[in-house]
Amino acid sequence: MDNKGWICLHRKMIDWEWFSKPEMVQLFIFLLLRASVKEAKWQGLVIKRGQLVTSVASISTATKLTAQKIRTCLQRLEDSGQIERKTTNRFTVITICNYESY
């Protein structure tokens, strides 16, 4: 998957309900940066623009956040409509909602 380029963060992110939680900001920006910028195939799956294939363990390695913090943050992001998740026993496909705005 091609992850070259940049993302835009609107200044309104300061008003985001989770902005005061550093781990939430770190995780969300990590997800934005890792999301696919164009449709691609991965192990027979079509990964669309704004999606990424990951796991709690790989996010933990990359961000140095604990697995529990990551699970909590992912649940908060899902509950507040920022992401959608589809989990298997091997990986999770995360879709960033409204990816085009980033």
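This is a predicted model: local features need pLDDT of at least 70, side-chain atom pairs count only at pLDDT 80 or more; totals for chains, interfaces and linings use all residues.

Me: Let's start with strand 3. Which way do its side chains point?
Reply: Strand 3 covers residues 51-54. Gln51 and Val53 point one way, while Leu52 and Thr54 point the other way.

Me: Why that pattern?
Reply: In a regular strand, side chains alternate between the two faces of the sheet.

Me: And are those four residues buried or exposed?
Reply: All of them are buried.

Me: Which strand does strand 3 pair with, and in what sense?
Reply: Strand 3 pairs with strand 5, residues 92-96, in the antiparallel sense, over four bridges. Gln51, for instance, stands opposite Thr95 in strand 5.

Me: New topic: helix 1. What span should it have?
Reply: Helix 1 has 13 residues, so at 1.5 Å a residue it should span 18 Å. Its end C-alpha atoms are 18 Å apart, which agrees.

Me: Which of its residues are buried?
Reply: Among them are Val25, Leu27, Phe28 and Leu31.

Me: What covers the buried residues of helix 1?
Reply: The cover includes strand 3 and strand 5, along with helix 2, helix 3 and strand 4.

Me: What about Ile14, is that buried or exposed?
Reply: Ile14 is exposed, because its relative accessible area is 56%, and the cut-off for exposed is over 50%. Ile14 sits in the segment before helix 1.

Me: Last one: what volume does the largest pocket have, and which residues line it?
Reply: Its volume is about 320 Å³. The lining includes Trp16, Phe28, Cys97 and Tyr102. By type, the lining residues divide into six nonpolar, five polar and one charged.

Notes. Residues are numbered from 1 along each chain as its sequence is written. Side-chain values use heavy atoms; hydrogens and water are left out. Buried means under 20% relative accessible area, exposed over 50%, partly exposed in between (1.4 Å probe, protein chains only). Helices (H or I, at least four residues) and strands (E, at least two) are DSSP runs, numbered from the N terminus. Two strands pair if DSSP finds at least two bridges between them. On a 1 Å grid over the protein atoms alone, a cavity is a set of points where a 1.4 Å probe fits but cannot get out, and a pocket is an open set with protein on both sides within 12 Å along at least five of seven lines; lining residues have an atom within 4 Å of a point. Grid points are joined across faces, edges and corners, and a volume is the space filled by probe spheres set on the points. Ala, Val, Leu, Ile, Met, Phe, Trp, Tyr, Cys and Pro count as nonpolar, Asp, Glu, Lys and Arg as charged, and the others, Gly among them, as polar. The expected span of a helix is 1.5 Å times one less than its number of residues. Contact means heavy atoms within 4.5 Å.
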